[in-house]
Amino acid sequence: RLRKARLRVEKAIKEKKIFTVHGPYPVIRRLLRARGWVERRLPLNGKQLKQQPAEQNKQQPDKGASGGGDEQGEAVLNPPGGTQPSLGTAEPLQQPRGTAHDRETEGEREDEDEKEDKEQCSEDSEDIHDLMSFLVQDQVPNFLWTIRLSSVDRELLRRIEVVNRYPRLAALCTKVGARGPRGGDTGGVQKEMTSFFKQEGLCQSLQNLSWFEQVDFNTFFPRCYRLGFRDEKEAFIDDFCLTAARSLLKLALQKVGDRPVGTEQPSKPDEVPGDHESHPMLSSAGPRSPLYPQLLEEALEVCEQHLGVLGHQDIDRSTPSPCRTCIDWERFLPEYYRVAHEGARLELGREQRERCQELLQRLEEKLPQLGIEGSLNVWIVKPSAKSRGRGIVCATRLDEVLELAQSCVGTPAGVCEWVVQKYVERPLTIFNTKFDIRQWFVVTDWKPLTVWFYRDCYLRFCSRPFSLCHLEPARHLCNVSIQKRYKTWQPDPRVPPDKIWSNKQFQAHLAWLGRANAWQRVTVPGMKAAILNALRCARDQVGSRKGSFELFGADFLIGEDLQPWLLEINSCPTMSPSAAVTRQLCANVQRDTLRLVLDRRDNPACSIGAFELLYREAAVSSCLTVGLRLMVTGSSLMKP
């Protein structure tokens, strides 16, 4: 056995096939061993890192701020027409499957992959791998797959040829979203491996999108503010008030009898430990007491003034925005809350109805998010450096959000603890249940930017029916780590018990709804465009490293029109399966990633599975970096 181990080690050293895996990645380890690679286990915290057989089934450990975010985000609302039809049967609807051609193609690919694995995999025991690992302790790994770069010695890291992580990803993966409509401090501390992921960096970097594409990021990324920065906090307050005014016009047009649509009194939901629920706060005046007569007129005046601002009619003003000064917001907001959340009566004349319709039509031309923002002014408040849905709260009142913002006071410069983002109140729902989409992609180079899109993805469902009257996590946060607390809850018998669908099941569902082409024509192109736009904005702030790559997981919410809305981008997305669908898909994406970054180097014509090239930038000798001081210096010429 020792001789066999030495022969295999000598061959691996000669072919540069020494690898190291940090973390519970049994699929990566198995596939590399099947290719003839030998593992070198590196010390971690002064101890020898050893993957025991019992660890193969453990879940991926919690990743803090330095590890990017995973299992975070929002999800998606009701399809047009209300509830799902019964299809004339009392039996639960079976989970939709792909077309016969899709199933045949998928089956052929799976058979081919299984055959490949069987041909490659050996029956070696763990003992011989321990022995080979001991024999290569003095070798520098040629390939590293790790959860976080900080777990590897820096000197050794520089010598490793291929690494699955990029440094300094804060512009792409940090949670504080894009800046609001007003200018202000764009400073921020770059945190290793978080530039692109947590929303703080993503929102800030998206402000540079106009330098690369003539695209408004408000068309694919819900507006977001960093509450730790004074100018952005003020911009959020303005946005909240203006959204309340627009929402009042919508509620006025939705009025049926004495009650606006969507303001029914909520019944008390089932309580579950750990829920963060926002209940309507009843006014002392009561829902039946009359509102002050000028309420709707003030909302109309504010929207008129806002249209002027959007048309740059206030460009020469030195005084505060008229949207701030034309009405008393301290009086307006409590009255709006009564209408939106307590069912207060709202009188509407014919002339006012026509003005509301006309103003909303004009605002829709200027505000790309008017259709998704709804009429209840719900905002989602997120900690900027946490993952997997922890600490996320939905709020409908300005004072609730500002109380959380007080925790930012006294934090170090450039660090923000809370981010507030406009909640998508009108998402697409499946069986009246909210869901989001986890979409993978790989970056194999930043300069020139090279991006690969994975054709397969999966949906994550909530555990309770969607409702804006109940804001508990079971209805609004699709993270697996959140929803696993509600395993015994089932929103609809047609939703799978594990609350996971594949994209093929979703496509079959769309076909059943009569929207079969929407996935390929609307949703997929929208996700590709959003990913590429985010990457272009962040690439100059990311630590590029030749020979490295990274697998990312983007979370998308789908609107009623099937347009995707980017919520966040996660570095090091979880590969721990939570259902039969993810067990297969996570194994597939890991296998195809190794094909892309290893096999393709030796054989450019080899199969790369479900990956497709999304974008490859033309190589240039130099690139203008966003943030450089564009200053020209020189000296005078001497006369001859």
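A residue is called buried if its relative accessible area is under 20%, exposed if over 50%, and partly exposed in between (1.4 Å probe, protein chains only). The model is predicted, so that local features need pLDDT of at least 70 and side-chain atom pairs count only at pLDDT 80 or more, while totals for chains, interfaces and linings use all residues. Residues are numbered from 1 along each chain as its sequence is written, and side-chain values use heavy atoms, with hydrogens and water left out.

**Exercise 1.** Determine how many residues of strand β13 are buried, and describe the pairing of β13.

*Solution.* Step 1: strands (E, at least two residues) are DSSP runs, as are helices (H or I, at least four), numbered from the N terminus. Step 2: β13 spans residues 435-446, and eleven of its twelve residues are buried. Step 3: two strands pair if DSSP finds at least two bridges between them. With β14 (residues 449-461), β13 forms ten antiparallel bridges, and D436 has R460 as its bridge partner. A hairpin of two residues joins β13 to β14. Step 4: β13 also pairs with β16 (residues 550-558) in the antiparallel sense, over seven bridges; here I437 is partnered by F556.

**Exercise 2.** State the strand order of the open parallel sheet and identify its edges.

*Solution.* Step 1: the order of the four strands is β2-β1-β5-β6. Step 2: β2 (38-39) and β6 (162-163) each have a single partner strand, so one side of each lacks a neighbour in the sheet. Step 3: β1 (residues 18-21) pairs with β2 over two parallel bridges, and F19 stands opposite E39.
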